Amino acid sequence: MKERQKITRFNGISKWLSNSVSESEDKRYTHRLLTEDKSQRDIIINELILIVQKAHEDARYRLRKLAGNSLAPFGGFSESDPSDGYPERLNTISRQSYFGDIFSGIIAENLAHFGQDDWEVPAFLFRFHLVEFQHLEFLNQTEEIAKKRPGRTGDDCLAFLRNSEGVIIASLVCEAKCTTNHYTKMIAKAHKKASEPHIKPVDIPQIIEILGDYDDPFSSEWVDSLRVLWLEKVDINYERCDLISYICGEHPVRNPTWISPQKPHEQYTAGRRLEAVEIHLHEVENLVTSVYSQAASPTPSVNISTQTVQQPDDSEVAKANCDVIVEDEVLQNEMTQPSNEVIVLAKELQNSLAGTRLTPAIAKLYSQHTRLRAGGKGLTGWREDEAGERLNDAMRLIETAFIQREAGDTNWRNGMLRAGELFEWLSHPQLNPDILPIRLLAAAVYELAGYPARAAGLLNEDISEGVESEILRSLLKADFPSLLRRLTEYWATATSSNFQTETSLLWDDTDTAADRFNKLIVKETASSLGILCAKMRWGNEPRLEKAIEKLSAIAKLLLHGHDTYSWLLGKLCAEVASVYIETSLRHHLEALSQMITQSGKTFLERYLRQSYQNCKTLAWRSQICGIERLATAESFALCTPTGSGKTTIAEIAILQSLFLETTNSNKLSNSAPLVIYLVPSRALATEVESSLSRVLKRSTNNNVIVTGLYGGTDWGPTDVWLTSEQPTVLICTYEKAEALMKFLGTRFIRRVSLIVLDEAHKVEFDSNKNSLQKAENRSLRLESLGARLFTYIEQNHSRIIALSAVASEIEGALASWIENSTNATPAKENYRSTRQLIGRLECLPGRGFRIKYDLLDGRRLAFEEDGQADTPFILDPFPKYPAAPNWEQERTEKRLRPYLFWAAMHLAAPDEKGKRRAVLISIPQNIDNYAKDLLEFLDPTLPEVEQLSLFQENKDFSRVEKPSFYHEPIEPDKLKILQKCLRSCEDYFGLKSYEYKLLRYPFSSKKLT
């Protein structure tokens, strides 16, 4: 086996420190006493200084990267080296803490522990100590004396033991203390910290993050080894060992040691193999001062086998040694290519945690989250450590996803999606007592997985003010107008004489005196995000690449907080910014914009600006699939689930077809182009007309006519759209289109440039032979209409776009029908932007309720509770509905209506935060009976229902307190919609109908005009 490269190799340690070792009887506890020979200090000091300086170089480099190439839109920010004085100007206690961490690494690598002398420290974690960087800037600014600051959380130092194949078979978690005087409580605290239950060190992802910045064999090998350990299940051959390093300048008198040499400290409860190392040094404070205030001599007194690190193309960065010491090392922006073993492990982990079924442990988490969110009690079998285990699963899934992405696996987003779900379900305050930034993590991961609607939905929920950064909330919601407003507010303040630092991007209780440093962080972040907003809003932005690089540099160092997980948020935010560029609607419409006229390009730009204002800047995967087919200018069928953004594809297709660049020879007609939008029902036609009118008229400055034909006799030979010189969109039902073609087809057919066939899957035969025999079958009518239209379209070289839900049995046939080709394939994507949850409302005896959830996005929700198989449920989600004995004697369907109405009223009522939900009750037939019964349920004393009321035996029912499920609109625009709705209801059902009376019930005492 080749010799290991140890980054703290200390050749002079054996001459400087005497070594005395003792063991407990069971050999599981070792005590080591290292005593200084002060006469050797001057001999080894240069070697010690070199080791210490190398350990801090990664943090220095990251600080320098932050300061370079400012993107600030305004002047007034001085450029300086933020690493100046790091770490020598820090408080003595801070430097002692750093020295203790480094010395624990020296002990780990240079002494044999538990019979092994090949322990290795891959990297030190000083780049993650934000609070000291802030304090350093304060010191450089004020020249005041350094103060003691909180220490870095997490592991002080990690060492690992690898076998000849590079597989980690043991980890050595080092807890370090360094003090001038002896403190018993310090020893106890160290042993208690070392007793944490994690078998795998929690800082492994951070070490991977550091090593991933270096493109060399040493770092690559370590990244692979650490990833295997992090992703793999705990192997029976793997072991975690613990090491306590206690440097003390006060030496014991009565006993030779401060720590017992025979048995572990009483505060150590982990039961693992433990080594306690005491280092008795003289004048500890003077030694630390010497190490941090001097540069190492260029000719050390002993031969040190280290290598020099070359920094890439940064002339402002002095050549220095780095904590990863390898010949010809070069920093890089991307991870090194993972090994085959790591790729296989990543795929296995994703399959186990993010496969087609939810694991029982994850289903249990969802059940716990659901109960707590509903305000109920949690599962009786829920353990406190389960939240930590699921959090660990989410972290591993993120690492897995990045590995698969690097390896070119197109399924990498599946792991990201599951990680986002885990974070979301762990974000409930009772599951997140440490107030970790879990909601922001969930939103960031959802964005990377390609689910911006889930990210926005999660962050749209109200939270306590000040808990999360509003700038980051806007960023991770992809709400660029809001983000730009907040950045504008920041710059308006930043350029004023009373500049107060906006520190909401810093997840820490910062020292307010570290003003310039905080300004630097927020300035660079705000500058980069401002350029991102400009790109999303206007397109061309030459500084974009530099902005993304700057965000990455900030993420690698400064967007880290006081907890173990905040460091990841900075990395994910930088990744999200890059994903926004790649998935922007503007980016994917670049090719299509080259196919349309100049006026069409103007209108398309208006459409993109409108999308920006409506927070629809990003293209979902299903929409990207459709846009790619639009660029071919051919007919096709788009098969994606409900809620996947098919309407956006229709809007873009309409703009493309109305303003398509054509030669005179290919021009269809002297009149303007016409798009026919076919829908199966009048209700959908109304919705489509309203939506297209709102979007297209704004985008084209009223240069497009949007009209509809879908009721009664609302069309005739004199209709203006027939001969209009303006581009036109005509929305009509299948039946109206059939009649239109028969009587007026020859007058407009040559104008048709596009037919959009919505709900095209309805062409599938519904097995109703009776309607087929009577020639009343809608599927037959649609197919007949399509055949007639397609004949004309083929002659005109126009095209058809069919929009369909995913229907695997007919997708191929549908595509062949639309494209008139036996080899046609649909544009298909199973992507659904929102979550689909299927469950049951159980109506219990005694007028009670229970909600049970069965499927989540098609995956069964099953887990074990007290040894019994179960699915998530909410007991007593609403109070019992008021007694109605007569109603309860009715047939089953009618007997269930009080349950239905009472549940719907409570579901529609505002929650504790005042948020309302829309509730849909699907009634296949006899809607008037339901309307009458709901009126009776609301108030049995109404004249319309009093004679029929089943609540006659309970006249007090009208005084029963009911949930406030309806909010009376007061805004003029909403009142206008209500009045229009009432008039439509009157037209369809009549003034005396129960439907109309029910709709007007909340306003029965008011006059609506």
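Predicted model: local features only at pLDDT ≥ 70, side-chain atom pairs only at ≥ 80, totals over all residues.
Me: ok, helices then. At what angle do H7 and H9 cross?
Reply: Helix H7, residues 217-231, and helix H9, residues 340-353, cross at roughly 20 degrees, and their axes come within 10 Å. Angles under 35 degrees count as roughly parallel, and that makes H7 roughly parallel to H9. The crossing of these two helices is left-handed.

Me: Which residues make that contact?
Reply: From H7 the contact takes Asp224, Arg227, Val228 and Leu231, while H9 brings Glu341, Val342, Leu345, Ala346 and Leu349. Sorted by class, the residues of the contact of H7 with H9 are 6 nonpolar, no polar and 3 charged.

Me: What about H24 and H25, how do they pack?
Reply: Helix H24 (residues 646-658) packs against helix H25 (residues 682-699) at an angle of about 50 degrees, and their axes are 11 Å apart. The two are therefore oblique to each other. H24 passes H25 in a right-handed crossing.

Me: Which residues meet there?
Reply: On the H24 side they are Thr647, Glu651, Ile654 and Leu655, and these meet Ser691, Leu692, Val695 and Leu696 in H25. The contact of H24 with H25 divides into 5 nonpolar, 2 polar and 1 charged.

Me: One more pair: is the crossing of H10 and H12 left-handed or right-handed?
Reply: The crossing of H10 and H12 is left-handed. Helix H10, residues 360-373, packs with H12 at an angle of about 35 degrees, with axes 9 Å apart. In this contact Ile362, Leu365, Tyr366 and His369 of H10 meet Arg418, Leu422, Glu424, Trp425 and Leu426 of H12. By class, those residues are 6 nonpolar, 1 polar and 2 charged.

Me: Changing topic, how many residues does H22 have, and how far does it reach?
Reply: Helix H22, residues 598-613, has 16 residues and reaches 23 Å from its first C-alpha to its last, which is close to the 22 Å expected at 1.5 Å a residue.

Me: Which of its residues are buried?
Reply: In H22 the buried residues are Gly600, Phe603, Leu604, Tyr607, Leu608, Gln610, Ser611 and Tyr612. H22 is followed by Cys615, whose phi is positive, near 60 degrees.

Me: Where do Lys27 and Ile435 lie?
Reply: Lys27 lies in the loop between strand E1 (17-23) and E2, whereas Ile435 lies in the loop between helix H12 (412-426) and helix H13 (438-449).

Me: Buried or exposed, those two?
Reply: Lys27 has a relative accessible area of 51%, so it is exposed, and Ile435 is exposed as well, with a relative accessible area of 61%.

Me: And Gln40, is that one buried or exposed?
Reply: Gln40 counts as buried, because its relative accessibility is 19% and buried means under 20%. Gln40 is found in the loop between strand E2 (29-36) and helix H2 (41-67). Not counting residues up to four places away in sequence, Gln40 touches Lys15 and Trp16.

Me: Last one, what is Tyr792 in contact with?
Reply: Leaving aside neighbours within four places in sequence, Tyr792 is in contact with Met741 and Ile749. Tyr792 is found in helix H28, residues 778-796, and is partly exposed, with a relative accessible area of 30%.

Key. Residues numbered from 1 in each chain as written. Heavy atoms only, no water. Axes fitted to C-alpha atoms, helices over the stretch in contact; angles between N-to-C directions. Helix = DSSP H or I, 4+ residues; strand = E, 2+ residues; numbered from the N terminus. Parallel < 35°, antiparallel > 145°, perpendicular 65-115°, else oblique. Left-handed = near helix turned anticlockwise from the far one by under 90°. Contact = heavy atoms within 4.5 Å. Nonpolar A, V, L, I, M, F, W, Y, C, P; charged D, E, K, R; others polar. Buried < 20%, exposed > 50% of the residue type's maximum accessible area, 1.4 Å probe, protein only. Expected span 1.5 Å × (residues − 1).
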